[in-house]
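Trainee: I am new to this structure and would like to learn how to read it. Please show me.

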Amino acid sequence: MTELMPAEGVFSLIWVLIALPLAGAAILLFGGRRTNSWGPYLGVLTVAASGVIGVLMLLGMMQNSPEQRTYGQTLFTWVFSGSFQADMAFQLDQLSIIFVLLITIVGTLIHVYSLGYMAHDDNRRKFFGELNLFVAAMLLLVLANNYLLLYVGWEGVGLASYLLISFWQHKPSAAAAGKKAFIINRVGDVGLSLAIMLMFVTFGSVGFQDVFGVADQASEGTLTAIGLLLLLAACGKSAQFPLQSWLLDAMEGPTPVSALIHAATMVTAGVYLIVRSNVIFTAAEWAAVAVIVVGLITMWMGAIIGSAKDDIKKSLAGSTMSQIGYMITAAGLGPIGYVFAIFHLLTHGVFKAGLFLGAGSVMHGMNDNVNMRRYGALRGVMVITAGTFIICYLAIIGIPPFDGFFSKDDIIHASFERSPIIGILAMLAAGLTGFYMTRMVAMTFFGKARWEDDAHPHESPKVMTIPLIILAIGATFLGMALVYWGNIESWLEPVTGVETVELALPSWVYELTTLVLVLIGAAIAWVSYARRDVPVEAPHGSWLTRAAREELYGNQVNDALVVQPTYYTSRLLVWFDNKGVDGFVNGSAAFVGGLSGRLRRYQTGFARSYALSMVGGAVLVVLALVLVRMS
Amino acid sequence: MTTFPWLTTLGVVPLVGSVVVALLPRGRGLLAKQVALFFAVLTLGLTVAMALQFQGDSSEPFQFVESHPWIPTFGISYSVGVDGIGLVLVALATTLVPIVILAGWNDVDEDGGRGTVKGYFALILVLETLMIGVFAATDVFLFYVFFEAMLIPVYFMIGRYGGVQRSYAAVKFLLYSLLGGLFMLASLIGLYVVSAQLTGTGTFDFLTLTGLEIDPGTQKLLFLGFFFAFAVKAPLWPFHTWLPDAAAEAKPGTAVLLIGVLDKVGTFGMIRYCLPIFPAASEFYAPVVIGMALIGIFYGAFVALSQSDMKRLFAYSSMSHFGFIALGIFVFTSQGQSGSVVYMVAHGLSTAALFLTAGFLMARHGGSSAIADYAGVNKPAPVLAGFFMIAALSSLALPGLISFIGEFLVLLGAFERYLWVGALATVGIVITAAYVLRLYQRTMTGPVKPELEGMHDLRGREITALVPIAALTIVLGIFPAPLLNVINPAVDRVMTSVGATDPTPTVGLGTTVEGTDK
Amino acid sequence: MNPSNYVVLSAVLFSIGAIGVLVRRNAIIVFMSVELMLNAANLAFVAFARMNGNLDGQVVAFFVMVVAASEVVVGLAIIVTIFRTRRSASIDEPNLLKY
């Protein structure tokens with residue numbers, strides 16, 4: 001296990017990273033109306049300041065040798081009882097810093113973008129407060145040095161996600177979507193809770209250092225159980241099968257939220273959790289296999305859903321599911337894949353944020369219409385949005401030299417190193433990515449204009465386009481930078497370990513095959529959606545299209561298997577409580593009441609009858625005494 | 001250690017306050033409220049002063065001890081003292097009383113005709129005295145006296161100042177509690193007799209009683225009497241049905257004191273009296289109690305899911321939470337028991353937040369507590385909705401709030417001892433989230449009901465009442481050491497007296513690896 | 001004279017009183033029968049006191065007399081009031097105090 005370095009110099013500011021946005025959230029949410037005017041700017045500033053500290057920390061880290069890049073900071077003992085102890089303590093290492101930078105830098109860009117996007121919303125201050133809360137919770141999640149504190153961040157981001165999905169609370173659909181997201185995430189949280197408990201019972205600690213230090217001494221069964229529980233948690237947060245159904249509904253939230261939380265950062269927390277716990281998954285082979293299976297299933301589900309949805313945000317959400325499926329798959333591959341899971345997470349965070357913000361910019365110009373069938377030919381009126389969107393599009397489908405090419409290719413490589421089946425599935429899904437993303441670009445920016453009558457598309461203001469441009473630049477160069485200039489593999493090696501296996505064929509064969517598949521997918525989409533006219537009303541479609549539009553019946557399955565039985569049980573118990581338990585209580589009361597009602601009849605009101613019974617009683621007593629005396 | 005009689009003073013101050021309030025002339029409602037608030041705040045100040053002198057690491061079982069003979073013939077004395085558990089619960093009571101007074105400022109008016117304004121506030125103060133007494137008593141008989149006496153003010157608070165069905169609810173509450181108390185009285189007398197047989201002189205002194213080696217068969221019998229009283233009070237499934245009625249008919253402030261503090265006497269009694277005095281019986285009945293607790297957790301949550309009345313929903317949710325508390329106590333691990341005590345405090349705070357916020361909401365709409373009467377409140381009253389959200393999150397034990405620490409420790413404690421029990425109980429957190437958020441969704445979000453348009457938001461007094469609760473919920477969630485520091489030693493003593501030890505981890509940390517499951 | 005005769009007399013008087021209470025309707029007569037029973041009891045007390053040679057019974061007899069006197073005051077007042085409102089001294093008629 002790596003030694004913890006004391007947090008000195010810039011590293012003594014680890015807690016400030018979290019405290020800044022948290023303070024921002026507190027001021028904005030509790031400050032009330034008087035912060036309305038300057039609040040949003042404060043929200044941007046706190047995140048930007050955290051970003052600056054993050055960059056300084058990265059620079060500080062680079063000056064140390066790779067073994068000395070893990071810094072620990074303990075503030076105070078948080079929860080303690082008996083032998084249980086969890087500290088309010090942070091750990092900054094090569095893995096955390098990547099997340100810190102992703103969260104704060106992409107977060108800052110999205111905050112800035114929101115200044116424009118939410119300019120006309122009455123509750124703008126609240127929006128920025130909740131966005132700041134999210135950033136703080138997400139930073140806590142990646143900086144915690146033990147699982148219990150991680151759990152706080154884990155639920156904190158869930159809370160922020162809930163609040164922001166249902167930000168437009170007056171819409172019942174938004175309120176319902178937020179609730180759904182929270183409750184499904186809670187199912188995942190059960191997994192995380194139980195994993196933490198099992199760790200404590202097994203290792204006597206929930207700290208990362210302690211647990212990973214002795215993990216190999218536990219039985220494989222225990223480790224598999226912990227691994228599967230962590231996977232359940234990851235499924236909830238990262239919208240992986242079978243807990244995927246909340247993510248598409250989550251698109252009810254404002255678009256910057258979808259970009260930051262439901263594309264770039266929060267939904268990748270599951271990947272972080274698995275990679276962070278790599279010691280456990282490496283030792284528990286079957287848990288890792290389960291991770292791969294879940295990843296592959298979701299990779300395909302997301303791609304299929306993304307191919308059929310006409311709602312641009314939901315189509316992107318399907319794509320997010322699919323891309324996270326890639327990351328999860330990579331994380332399940334073991335040391336050959338951990339690094340690439342994080343690499344893809346990073347590039348995906350950048351280009352997907354760009355895509356979502358681009359979609360938001362399009363919606364901004366189209367009266368918040370999300371139906372791609374009413375778009376078309378927008379490249380002329382939204383030059384910057386179209387340009388940046390297309391760059392991010394090239395990145396996601398994996399065209400060299402954009403960043404998605406490097407990261408996705410690495411994952412496909414690693415998959416083939418593990419097993420050809422996984423490799424082929426991942427490769428084919430890349431082809432599907434080419435299809436649905438091209439479909440989206442073609443329907444939105446090319447073809448004929450199918451705008452609604454009152455739509456007057458226009459380019460967004462600079463405050464929105466500049467973040468787009470920055471993200472597009474990131475999507476262009478980040479991949480190259482991390483492969484050629486700063487080697488991400490050797491950077492993460494101390495945390496995750498790196499392993500390579502010799503492949504049967506030279507690597508360019510895989511790269512070329514993937515590229516050809518992507519191009520075939522793209523070409524099919526181009527012919528179908530750019531060359532031909534797109535009907536404004538969705539055609540009936542094949543059974544697969546209809547199933548994909550229904551999100552592969554995930555909601556129906558949940559409803560039939562969980563929701564309806566729950567309410568049925570609930571109503572049954574209410575009935576039982578009223579008639580059974582309370583019925584018994586009230587029944588015994590009624591019995592006593594009824595009995596006394598009968599007895600009451602003997603109070604006739606005739607004094608002489610009372611006297612008679614008194615005499616009778618006295619005679620009985622005397623008789624009894626006499627009898628006792630005589631016997 | 002000071003010799004100042006802290007606890008007696010603490011108990012006398014609100015009593016004096018209630019007499020003063022009761023003696024005020026009838027028409028001076030405002031003055032009565034001000035005087036009541038003054039005495040409540042004074043008590044709170046004294047509590048803080050006392051708590052600051054409490055020594056967490058003291059080797060004495062009780063601190064601030066006072067003892068005077070009361071009925072020497074039967075070994076009954078006026079003995080008070082607190083350990084960490086008692087201290088936090090006393091503090092909970094004295095914190096909630098001023099908040100309730102402030103929040104219930106306009107809950108009763110002279111025109112209502114049933115009871116006077118001063119009467120309500122005098123009753124609250126009397127109740128405060130009794131609550132302090134019940135948590136501070138170290139003589140079992142004295143405890144019993146306070147335990148039963150508490151029923152009287154609550155009976156009047158529900159029966160006089162409650163809603164339409166108030167007398168039904170009040171009588172049901174009174175009879176149910178009296179029935180429980182009766183069994184306890186029988187056990188109490190039995191305990192006295194047993195102590196007389198074992199030591200020669202009968203006693204009700206708690207510490208002497210814990211030292212007795214009572215025959216297990218007798219223990220099992222006596223335990224039942226105490227436990228039944230506590231199970232009714234707490235309330236555990238299936239002795240809960242008085243609670244929804246009482247909660248639904250009571251004023252929000254009454255409900256807060258009833259569920260937030262009074263019901264804690266049940267769980268407090270279990271950890272303070274049942275476990276140390278009857279260790280063998282506690283162990284014997286633990287599976288039964290755990291079963292009841294588990295049923296309660298799910299039963300309460302499921303029933304809460306379909307409630308159409310807010311107050312009844314809170315009552316059933318409390319029942320579910322009491323399941324967690326009882327579970328933590330009877331798994332015999334230090335995490336479980338510490339968690340239970342933290343949970344009691346957390347539940348007091350979250351219940352207070354829920355009932356008071358809901359009360360403010362209801363006061364704005366003719367006192368209706370039907371969920372269907374509200375929708376979209378967030379729009380006209382965002383501050384109210386915000387507090388409601390915090391209360392809801394506290395109720396569902398969001399990590400970072402005090403309730404999470406309680407709930408997690410309870411679940412961890414249960415999981416350590418009985419893996420499947422802990423795992424099963426953990427699933428309960430999903431349903432909790434479901435009913436809490438469903439309530440929020442139905443009342444606070446969506447399009448505003450036309451009749452709620454223009455509803456005014458929370459005002460200064462109401463915000464002042466809620467802010468301390470919210471602040472405590474958040475601050476103690478991030479920094480619970482002040483609580484855990486005093487609770488843990490007390491729990492350790494309970495564990496020692498029961499003779500239980502925590503299970504050791506299967507893979508030793510840093511020490512020799514035993515690897516039992518390898 | 002044999003003291004047990006007094007006891008027998010007391011029993012006879014008590015029985016007469018009891019039967020009087022049971023069979024008569026006029027409140028005044030019933031009342032007098034009650035007095036008769038009280039005095040029968042007094043007689044028994046005194047007789048037993050004499051037989052056992054201590055004064056306790058005689059003391060109790062005085063107590064009974066005091067109680068009986070106060071009872072007469074209250075009882076007669078009630079009877080008079082009832083007679084005034086109902087114009088009747090029958091004790092079967094005022095049966096308002098029933099269930």
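This is a predicted model: local features need pLDDT of at least 70, side-chain atom pairs count only at pLDDT 80 or more; totals for chains, interfaces and linings use all residues.

Mentor: Residues are numbered from 1 along each chain as its sequence is written, and chains are lettered from A and ligands numbered from 1 in the order in which they are written.

Trainee: Into which domains is chain A divided?

Mentor: Domain bounds come from an automatic or database domain assignment. Here chain A has domain 1 (5–549) and domain 2 (550–599). Their C-alpha centres lie 43 Å apart. Ten residues from domain 1 of chain A and seven residues from domain 2 of chain A make the contact, where two residues are in contact if their C-beta atoms, placed from the backbone, lie within 7 Å. On the side of domain 1 of chain A that touches domain 2 of chain A, helix H22 (543–549) of chain A gives the most, with four residues; helices (H or I, at least four residues) and strands (E, at least two) are DSSP runs, numbered from the N terminus.

Trainee: What is the order of the strands in the open sheet of chain A?

Mentor: Two strands pair if DSSP finds at least two bridges between them. The order in this open sheet of three strands is S1-S2-S3 (chain A), with mixed pairing. Strand S1 (5–6) and strand S3 (84–92) of chain A are the edge strands, each pairing on one side only. S1(A) runs parallel to strand S2 (residues 71–81) of chain A, and two bridges join them. A:Pro6 is found opposite A:Gly72 in S2(A).

Trainee: How are two packed helices described?

Mentor: The description uses the angle between their axes and the distance between the axes. Axes are lines fitted to C-alpha atoms, for helices over the stretch in contact, and angles run from 0 to 180 degrees between N-to-C directions. In chain B, helix H6 (residues 151–161) and helix H11 (residues 252–262) pack at about 150 degrees, with their axes 10 Å apart. H6(B) is therefore roughly antiparallel to H11(B), a term for angles over 145 degrees. B:Val154, B:Met157, B:Ile158 and B:Tyr161 of H6(B) make the contact with B:Thr254, B:Leu258 and B:Leu262 of H11(B).

Trainee: How many residues of chain A are in contact with chain C?

Mentor: Eleven residues of chain A are in contact with ten residues of chain C. Helix H24 (residues 607–630) of chain A gives the most to the chain A side, with five residues.

Key. Angles under 35 degrees count as roughly parallel, over 145 as roughly antiparallel, 65 to 115 as roughly perpendicular and the rest as oblique.
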